[in-house]
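I opened my notebook to look up charged pairs, a helix and the nonpolar cores.

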Amino acid sequence: MRKVLAVLLAVILALSLPMSALAATQITLRVIPGAELLEAGGEQLQIMFESLYYRILLEGSATAFSVHSDKGELISVNMRSGLDGFYCSTAMVGDRTLYFSTHDVAEAIVQDMLSVQAGEISEAELSMGGTIVSMLPSFIAAGVFPALYEQPSVVTELIGLLPDSALLMGGDVTVTEGDFTAEDHDPATTKTEYTRTAADLAALMDNEAFRKLWNDRMQLEEETAAQVFAGLKEAFSGSDFQVAATVYTNGDRQCAAHREITYSVVSESASGTYESKNHLIVDSASKGSLTTHTLTINNTMLERSAGTEQSYSEVFRLVIDSAAGTFTLTGADAKNADRNVIRGQLTIDANGMPEGWFGVLEDGYQFTATLKTVAENQDAYTLLSLYETTEAADTLIEPAEDLVPMLSFAVQVAQTETPEALTALAAATPESCLQLLRLPEAALAKELDLIEGEMMSALLLMMSRLPPELLTLTLGTGYTE
């Protein structure tokens, strides 16, 4: 699990730096396999990685994902996501721009659920709505990259609604004015204490102002909205979730915060019934140029029928020094503070380029990522390299200079001209797009047939731009140009 976390964190870190908001930001990614991977994958793997590279292009709320070879672009998908709906354009659907409103997707989900419950269709026969639902994580993910560059997206819209939502929530709140000083944070003038429970969240689902706040963006039908909020209310009503917080502020600036979150999750399997009791402690403190975030995770797993119990506790700490431009990350077993499970340090230079390393330790294996700036032919890019070693069984160590990475990513961020496809997508409106979920059955079938033809044309063009060696691998050894 920690290995997956390390890879995700490393890639996100590399793709999100430098964080300067450019008019159009182009991120180019090349994958460089290590010797061990090449030996395992052979010539085919080497040809694939050497032939292809990937790009992410950001313009306002629109994002383009594309795969390229040296002969040109193979395929691209342009996406724009918001709480009201999702836009998509790609050569795979021809000149069309598709739009799926949150309203239409929610209606399709409800209709599919009712049809399955009535026995009219099986789960394997879900309509176009079910297909779109399976695509939603991709549309939401497309909103993460613009958010990193402070551009509007479904993520920034979601974050923007959270403060207003919190103001509508019940629970005990106490605000005290005074002089609050401590060694670990800057002086504060206000202390706010509150407790929020699952009952407060359940009650929030009945709050008209809350429902209007969200539904003004999602534009659901009244009946569908009622079903959504009722489902959330039922889920919260059966939960023991609780958060207790103390926050110290000075004007609009947060100086420190302490939050304790508790909740339980019950799951059943063939081996028994398990209850996971979780207690999270989240602390933040700012003093001068230093900001420290600490997460303590306490977990107890109970197997009810056998009466067995297992528990663990880990502490993760991130220290940000804005003056020095450094990020220091540590994570340790709370019962053995000398045994680091996560450790690393990152420095941002004057040009916004990252340098440093971090790693995770699990079962005697150390999984490490390094970031460094490489200058080549007057171009600079960030090289993210991943390593796995078994040498450090009890504590994390910085990888040796001569250690060979198992996989590397060359990431280059540059300003570029905005392509017409993204400009058009940014200006698209629901009325100017093809809305498949609103088409009658006959019209939908016709459009899907046309799209199938466009997909075949795009596939043929993609194959014509594949390097000969890769095309041979794709089509079989009998192919020749």
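I started with a term I needed: a residue counts as buried under 20% relative accessible area, as exposed over 50%, and as partly exposed in between. I also noted that this is a predicted model.

Entry 1: I looked up Lys 212 and Asp 216. Their side chains meet in a salt bridge, with N and O 2.8 Å apart. Both residues lie in helix H8, which covers residues 208-218. They are 4 residues apart, about one turn of the helix. Is each one buried or exposed? Lys 212 is exposed, at 52% relative accessible area. Asp 216 has 41% relative accessibility, so it counts as partly exposed.

Entry 2: I checked Glu 447 and Arg 96. They form a salt bridge, and their closest N and O atoms are 3.0 Å apart. The two residues come from distant parts of the chain, 351 residues apart. Glu 447 sits in helix H11 (residues 441-464). Arg 96 sits in the loop between strand E5 (85-90) and strand E6 (97-101). Arg 96 has a relative accessible area of 17%, so it is buried.

**Entry 3: a bridge between strands.** I moved on to Arg 253 and Asp 186. Their side chains meet in a salt bridge, 2.8 Å from N to O. Arg 253 is in strand E10 (residues 253-269), and Asp 186 is in strand E8 (residues 185-197). They are 67 residues apart, and the pair links distant parts of the chain. Arg 253 is partly exposed at 38% relative accessibility. Asp 186 is buried at 16%. How many salt bridges does a search of the whole structure find? I got 6.

**Entry 4: helix H11.** At 1.5 Å a residue, its 24 residues should span 34 Å. The end C-alpha atoms of H11 are 35 Å apart, which agrees. I also noted that Leu 444, Ile 451 and Ala 458 are buried in H11.

**Entry 5: the cores.** The largest nonpolar core has 25 residues. Which of them touch the most other members? They are Leu 384, Leu 386 and Phe 409. Among the elements that each supply at least two residues of this core are strand E1 (25-33), helix H2 (35-51) and strand E19 (407-415). A second, separate core has 15 residues, including Val 154, Leu 161, Leu 201 and Met 205.

Terms used: Residues are numbered from 1 along each chain as its sequence is written. This is a predicted model: local features need pLDDT of at least 70, side-chain atom pairs count only at pLDDT 80 or more; totals for chains, interfaces and linings use all residues. Side-chain values use heavy atoms; hydrogens and water are left out. A salt bridge is a side-chain nitrogen of Lys or Arg within 4 Å of a carboxyl oxygen of Asp or Glu. Buried means under 20% relative accessible area, exposed over 50%, partly exposed in between (1.4 Å probe, protein chains only). The expected span of a helix is 1.5 Å times one less than its number of residues. A nonpolar core is a set of buried Ala, Val, Leu, Ile, Met, Phe, Trp, Tyr and Cys residues joined through side-chain atoms within 4.5 Å.
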